[in-house]
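Welcome, and please open your viewer. We will go from stop to stop, selecting a few residues each time.

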Amino acid sequence: MARYKHPPLASAAAEHDPPPAARSGRWWRPREGAGSERGNVEDGGGGEGGKGESFFCLYATFFLLTMAQVLPLTAMQIMLNRDLGLESRPEAINRYFAVEFSMNMLKPVFAALSDLCPVMGRRRGPYMVAGGAAYAAVLQAYARVTTLEGLYAAGITSVVFYALCETGADGMLVQLAGGCPKRAMQLQATGSLMRSAGSFTAAVISIPLLMGVSARAVISLAGLPSLAAAAAACYISEPRVSSGWNEGPILDDEARGGHFLFDGRQVSSDGGLPLDDRCQLSGGDGLSFDG
């Protein structure tokens, strides 16, 4: 395997790095001041709110969105059996739920959509807000279903919008991790904990609710935590992007260090981990590549 050595890092950076005024986008990422310009994890991902606020709002979104999904489940089963007369047709109920939850297969499509088509310069937040608000609205229609056709229409639409919001929240969690695998695992674990807490809370609340109000009323009330999840998503700081095609994941300075393009590859400029696994810092001041 051929191995060659580049000139010292300082001279290479001076030769290849443009003046500060010419730097834009993801081409160059200085360590100092990066949070205020690009919105890394240190300031919560958007340069406008704190890290703690963004994380709190994201976890609140997970908690509330899961509540909105679990709270009406028992009420839906009651409505199917009693109001729609499907108690003696378990195969029809199984077929309905199979079709309804198969819509979760659209999550990769929604993930790609949010990556490639930012809304007002933001990849996740607008999709989370739209999905949460639309899911709450569809639950109101679900509570008024009287036919099997209407049930399929409301059920499929509700799962589609729920998946849209949840996919955006999952993407936001990865984005706030800043490219650091250890941090990503910690955030995923906390997110799963919030989902479990939301599910447990909704299950506990649904029992006294069903004792006091009708099943259709419970389904309608489940729209409230979904609206609250959409509201919480509005307060999550997120870096703006100019285009979905040329912006990669935001990598924070703690995880990767300041970095720049060098011979077509993004490398660390302060002794941090190189971004290309074939790029290695040599023992001296230079850079070496295994090719």
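A nonpolar core here is a set of buried Ala, Val, Leu, Ile, Met, Phe, Trp, Tyr and Cys residues joined through side-chain atoms within 4.5 Å. Buried means under 20% relative accessible area, exposed over 50%, and partly exposed in between, with a 1.4 Å probe and protein chains only. This is a predicted model, in which local features need pLDDT of at least 70 and side-chain atom pairs count only at pLDDT 80 or more, while totals for chains, interfaces and linings use all residues. Residues are numbered from 1 along each chain as its sequence is written, and side-chain values use heavy atoms, leaving out hydrogens and water.

**Stop 1: the core.** Select Leu 58, Leu 80, Met 128, Tyr 142, Leu 151 and Ile 219; among the 45 residues of the largest nonpolar core, these touch the most other members. Next, colour the elements that give two or more residues to this core: α3 (51-70), α4 (73-83), α5 (90-101), α7 (125-142), α8 (148-176), α9 (181-212), α10 (215-221) and α11 (223-233). Helix α3 gives the most, with 10 residues. Helices (H or I, at least four residues) and strands (E, at least two) are DSSP runs numbered from the N terminus; the protein has 12 helices and six strands.

**Stop 2: Leu 151.** Which residues is Leu 151 in contact with, leaving aside its neighbours within four places in sequence? They are Met 79, Leu 80, Leu 84, Leu 86, Tyr 96, Tyr 142 and Val 145, where contact means heavy atoms within 4.5 Å. Then select Tyr 127, Val 160, Ala 163 and Leu 164, which are included in a second, separate core of five residues.

**Stop 3: the rings.** Rings of Phe, Tyr and Trp (its six-membered ring) pair if their centres lie within 6.5 Å; planes under 30 degrees apart count as stacked, over 60 as edge-to-face and the rest as tilted. By this rule there are five aromatic pairs. Select Phe 55 and Tyr 59: their ring centres are 6.4 Å apart and their planes at 35°, so this pair is tilted. Both residues lie in helix α3, four residues apart, about one turn of the helix, and both Phe 55 and Tyr 59 are buried. Now select Tyr 96, Phe 97, Phe 101 and Tyr 152, which ring pairs link into a cluster.

**Stop 4: Leu 227.** Finish at Leu 227 in helix α11. Is Leu 227 buried or partly exposed? Leu 227 counts as partly exposed because its relative accessibility is 43%.
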